[in-house]
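Please read the following briefing alongside the sequence and the model.

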Amino acid sequence: AHDEASRELKLLVDRRESLVRQRTSTINSLLWRVHELDPGWAPPPRSLDVAKQQQLLMNTLADMAGIVAELARDELADVIELTGRINQLQRRIAGLVAEAAPSLLAMPGVGALTAAKLVGESAGITRFKSEAAFARHAGIAPIPVWSGNTAGRVRLTRSGNRQLNAAIHRIAVTQIRLDGLGKTYYEKKKAEGMSTPEALRCLKRRLARVVFNT
């Protein structure tokens with residue numbers, strides 16, 4: 001049920017994520033080579049997607065002799081090239097999603113990549129007959145537990161589209177950190193006696209409704 005915009009966003013997001021996985025694998029290999037050369041040269045954790053850190057490491061490796069240094073320079077060049085392609089895709093995705101779903105971007109906790117994921121994985125929001133059907137598809141509708149003294153409790157479901165679930169989960173976690181309606185609702189559910197996971201699931205269910213209507 002994709003329209004042109006949602007199909008294009010899904011393909012671009014999937015491609016970006018594929019490149020990110022490639023970059024992560026290459027960075028892991030590169031870090032082992034740097035460690036072999038000199039553990040003190042290791043860049044700060046999770047920093048090799050930043051141009052400044054890439055250039056600093058390139059300068060360090062530039063005059064090193066030996067096969068390990070040669071392979072490290074080659075892998076670092078791959079990381080730099082992949083980073084450029086990833087950033088280019090991200091800019092393209094941001095431009096497309098600003099046209100296709102500006103109202104999603106206006107929601108607290110929703111960035112361009114999350115909005116693009118929601119549009120692409122929904123694959124045509126009008127195919128769902130209701131917000132409840134959308135929540136079920138995303139694996140977000142909590143399952144009631146009616147056993148012993150558990151009346152009124154809910155449990156996790158692992159069915160549904162996990163990509164959609166993860167996107168709404170990111171929105172929920174971000175909103176809990178912010179001062180707004182999401183955090184207020186989450187704190188209200190905890191005050192009613194729900195555990196932290198249960199309150200988070202209820203917030204995700206509420207956000208599924210907001211995303212669907214938006």
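Helix H1 (residues 4-37) and helix H5 (residues 112-122) pack at an angle of about 125 degrees, and their axes are 8 Å apart. Axes here are lines fitted to C-alpha atoms, for helices over the stretch in contact, and angles run from 0 to 180 degrees between N-to-C directions. The angle makes H1 oblique to H5, given that angles under 35 degrees count as roughly parallel, over 145 as roughly antiparallel, 65 to 115 as roughly perpendicular and the rest as oblique. This is a predicted model, in which local features need pLDDT of at least 70 and side-chain atom pairs count only at pLDDT 80 or more, while totals for chains, interfaces and linings use all residues. Residues are numbered from 1 along each chain as its sequence is written, and side-chain values use heavy atoms, with hydrogens and water left out.

**The contact of H1 with H5**

- On the H1 side the contact is made by Ser-6, Leu-9, Lys-10, Val-13, Asp-14, Arg-16 and Glu-17, and on the H5 side by Leu-113, Ala-116, Lys-117, Val-119, Gly-120 and Glu-121, where contact means heavy atoms within 4.5 Å.
- Sorted by class, the contact of H1 with H5 has five nonpolar, two polar and six charged residues; Ala, Val, Leu, Ile, Met, Phe, Trp, Tyr, Cys and Pro count as nonpolar, Asp, Glu, Lys and Arg as charged, and the others, Gly among them, as polar.
- The helices named throughout are DSSP runs (H or I, at least four residues), numbered from the N terminus.

**Other helix pairs**

- Helix H3 (residues 67-100) also meets H5, their axes coming within 9 Å and crossing at roughly 65 degrees, and the crossing of H3 and H5 is left-handed.
- In H3, Gln-90, Ile-93, Ala-94 and Val-97 meet Ala-112, Leu-113, Ala-115 and Ala-116 in H5, and the residues of this contact divide into seven nonpolar, one polar and no charged.
- The axes of helix H7 (residues 162-177) and helix H9 (residues 196-213) come within 9 Å and cross at roughly 110 degrees, so H7 and H9 are roughly perpendicular to each other.
- H7 passes H9 in a right-handed crossing, in which Asn-165, Ile-168, His-169, Ile-171, Ala-172, Gln-175 and Ile-176 of H7 meet Leu-200, Leu-203, Lys-204, Leu-207, Ala-208 and Val-211 of H9.
- The contact of H7 with H9 holds nine nonpolar, three polar and one charged residues.

**Salt bridges**

- The model has ten salt bridges, each being a side-chain nitrogen of Lys or Arg within 4 Å of a carboxyl oxygen of Asp or Glu.
- Asp-14 forms one of them with Lys-10, the closest N and O atoms being 3.1 Å apart, and both residues lie in H1, four residues apart, or about one turn of the helix.
- Asp-14 is partly exposed, with a relative accessible area of 31%; buried means under 20% relative accessible area, exposed over 50% and partly exposed in between, with a 1.4 Å probe and protein chains only.
- The side chains of Asp-179 and Lys-183 meet in a salt bridge of 3.4 Å from N to O, in which Asp-179 counts as exposed at 72% relative accessibility and Lys-183 is partly exposed at 27%.
- Lys-189 forms a salt bridge with Glu-192, with the closest N and O atoms 3.6 Å apart, and at 15% relative accessibility Lys-189 counts as buried.
- Salt bridges that share partners join Lys-10, Asp-14 and Glu-121 into one network.

**Single residues**

- Arg-46 has a positive phi of about 55 degrees although it is not a glycine; Arg-46 lies in the loop between H1 and helix H2 (51-61) and is exposed, with a relative accessible area of 79%.
- Ala-123, a residue other than glycine, likewise has a positive phi, near 55 degrees; Ala-123 is placed in the loop between H5 and helix H6 (131-137) and is buried, with a relative accessible area of 11%.
- Glu-81 lies in H3 and is partly exposed, with a relative accessible area of 40%.
- The C-alpha atoms of Glu-81 and Ala-141, which are 60 residues apart along the chain, are separated by 41 Å.

Key
Helix = DSSP H or I, 4+ residues; strand = E, 2+ residues; numbered from the N terminus. Left-handed = near helix turned anticlockwise from the far one by under 90°.
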